Amino acid sequence: MSIDDEAQEPLEPRVGPVPEDDPEFRPYRHPAAGWGAARSVTRFLLEERALVDGPRAIMRMNHENGGFDCPGCAWPDDTKGLHLDICENGIKHVTWEMTRKRVDRDFFAAHAVTELAGWSDYDLENQGRLTEPMVYDAASDHYVPISWKDAFELVGATLRGLDSPNRAAYYTSGRLGNEATFLYQLMARELGTNNLPDCSNMCHEASGRALQASLGTGKGTVDLKDWESADALFILGVNAASNAPRMLTALAEADRRGARIVHVNPLVEAAATRTIVPHEFTDMALFRTTRTSTLNLQPRIGGDMALLRGMAKAVLEKSASDPKALDVAFIDRHTAGFEEYRALCEATPWEELERQSGLSRDDILEAARVYGEADRSIVSWCLGLTQHEHGVDPVREIVNLLLLRGNLGREGAGPSPVRGHSNVQGNRTCGIDHRPTDAFLDRLADACGIDPPREHGLDTVRTIRAMREGTVKVFVGMGGNFALAAPDTAATYAALRSCDLTVQVSTKLNRSHVVHGRAALILPCLGRTEKDHQRRGVQSTSVEDSMSMVHLSVGMKRPASPHLLSEPAIIAGMARAALPDSETPWDWYVEDYDRIRDTMAEALEGFEDFNRRVRLPLGFRIKQPARELVFLTPSGRAEFSSAALPDIVPEPGTLALGTMRSHDQWNTTIYSDNDRYRGVKNLRTLVFMNRADMRERGIADMGPVDITSTAKDGSSRFLTGYTAIPYDIPRGCAAGYMPEMNVLCALGDYSTQSDQPIMKHLKVTVVPAAG
């Protein structure tokens, strides 16, 4: 239970189906993917009664000609025309969307919101697809039908009645396509606000800020072809088997060609061992596995920066006897700040690097040896690096390391962040940014004929705070499940309930519909798999993957209900009602999305000739200046960072806890209470701990425990009756699942570098359960 000044109710989210059997834990010893994935997918298709539609969708997903983009992760589509460029989680995600179950007006008539609030999150989503717009009726405590016209008018009247456009916030998750994204930010800015919080504020904000500071671009510089030619791959803070399963193909291919693969993670995940790639039929038939790692390092939580600096120190020390250890010509020609960085590395004692990383000097030197012997290296990372107080610094340290050997601007080398949701990078590219640049706003003004606001808006954390304080009165959510994804569950619930109006644009019922404002709308939209019929025919939308490739996605299925609207149509409907005098041709845009793309081509740098280029095979790649060794930094060069090494060692008696997803989960959507790759069945309320830490605290294997987090301001939050599982994790570290553990992350526990909630580095104590 979370203790909060304004919300004392039980707040542990009930997530997942009620377990039918007792919890189990057996360490996973099998390869990632392979027959385990095949069995899991088959079982899921049977449960969802999708044995026909599921395989049909599989054959259309991630195809360049007339297919739809997987609504799951943002890993790029295969460059070799692979016919089964799919994964277990992608199939589950698509099948979950294509369910035959429906949430219609009869469902809402039968279930009051107070009743639904007591359901598990699994049960809410498992009811199926939303079918028509609904409005909350406070008198009956039920959602009741409302026409689209009246729903848009409710939104418009409420927004028009605000005394300032900054009283509203417009949130988006990564599921929104580029065209809808562009219209959404255009609506918000024409209304007069940059309050555009998004899921990036909670995941990769640190990556964007770090890369912008170091290289003048907020994105990685590599593409999938670079992954196919690198001599060494360093994978930091990534659970690829669950978060980007198609990466397993790239790792297996890298091992076969002799590349070195180094995984850095406090937990040795399944993707860091071996795999059987399901579409490699011979390997499946022969049960033949391929290594996905040549070295595994387990730093303490937050110890990655010390490891990276130690690797850089080793490279610099080697350069004293081997001039080829550094790319001196590259450093002299393309970088700034090298001498300061060299001095910092030399002054950092090996003993401190060992203490902060939790690794031995030999471990660090071995990683440095792999790096030094490789001609071309890629360093890839995910939330294991970013969701920390010092999340920006380790990403900048990655760039430092790459610069030392000129691993930038050439094939097979560079930084490669692993974005999570399908179009989260495209959202930011197309304008979802609470801190827009003047250059972006100038182009938007010229292309769209509006006068956009210049004052920075609110990010996710500040939006929650503003809603609680009553300064933001309207919350519009385009996709996602904000109530469950955000930190500090009590504060987030209180914030949403303080709003005059909450609007959720969704495909399925979720927690954000039952934690709502005084007035509330549920606006159901088309899914990625469904045909989008508009006046000028079936429309396509575009998405951007994590390596800056932009391509089209076209749905294949009949919509789940005739009353669903596309996201662009919903945005246009709200905009028309809120901006009755607007000269923006909202209806004209929705008739034909090519028209939106033509305007985007004028407004967005890199989208010139958009409609033609996006129809090329595999689409087109947005140009990254840093890849061409053009650095849009103050110095005009790649900037070395000389940040101090933070002290991240836990205080005696405390643990550093990181939250993560289970394997049978995608973001806040939970498919079951199992986590196959970690050997867990029928359990989500758990904490993984080092066995020595458990013994020190008198905690038995699978014993009940209570968890207390301590926030920066000294306040505490609690979870009770969790199960402790002994796991291969460094001493002083612990891990457990989000969204259940989001309750432990206080609203004020966000990074001063990136403003991200520090969900991967919570300060906790774990003790045997009371009573």
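In this predicted model, helix α14 (residues 304–319) and helix α18 (residues 361–373) cross at roughly 65°, with their axes coming within 8 Å. The axes here are lines fitted to C-alpha atoms, for helices over the stretch in contact, and angles run from 0 to 180 degrees between N-to-C directions. Helices are DSSP runs of H or I with at least four residues, strands are runs of E with at least two, and both are numbered from the N terminus. The crossing of α14 and α18 is right-handed, that is, the near helix is turned clockwise from the far one by less than a right angle.

On the α14 side, Leu 307, Gly 310, Met 311, Ala 314, Val 315 and Glu 317 meet Arg 361, Ile 364, Leu 365, Ala 367, Ala 368 and Tyr 371 of α18, where contact means heavy atoms within 4.5 Å. Sorted by class, that makes nine nonpolar residues, one polar and two charged. Ala, Val, Leu, Ile, Met, Phe, Trp, Tyr, Cys and Pro count as nonpolar, Asp, Glu, Lys and Arg as charged, and the others, Gly among them, as polar.

Next come the strands. Five of the six residues in strand β18 (residues 519–524) are buried, leaving the strand mostly covered; buried means under 20% relative accessible area, exposed over 50% and partly exposed in between, with a 1.4 Å probe and protein chains only. Strand β17 (residues 501–506) pairs with β18 in the parallel sense over six bridges, and Thr 502 sits opposite Ala 520 in β18. Strand β5 (residues 134–137) pairs with β18 in the antiparallel sense over two bridges, with Val 135 opposite Leu 521. Pairing requires that DSSP finds at least two bridges between the strands.

Helix α3 (residues 88–97) has ten of its ten residues buried, so the rest of the structure largely encloses it. Among these buried residues are Glu 88, Lys 92, His 93 and Trp 96. Over in helix α9 (residues 205–215), Arg 209 is buried too, at a relative accessible area of 17%. Beyond its neighbours within four places in sequence, Arg 209 touches Val 392, His 434, Arg 435, Gln 753, Ser 754 and Asp 755.

As for confidence, the protein chain averages a pLDDT of 91, and 91% of the residues score at least 70; pLDDT is the predictor's confidence in each residue, from 0 to 100. Over residues 1–12 the pLDDT is below 50, and this stretch has 33 contacts in the model beyond near neighbours in sequence. Where pLDDT is low, the predicted coordinates should not be read in detail.

Residues are numbered from 1 along each chain as its sequence is written, and side-chain values use heavy atoms, leaving out hydrogens and water. Local features need pLDDT of at least 70 and side-chain atom pairs count only at pLDDT 80 or more, while totals for chains, interfaces and linings use all residues.
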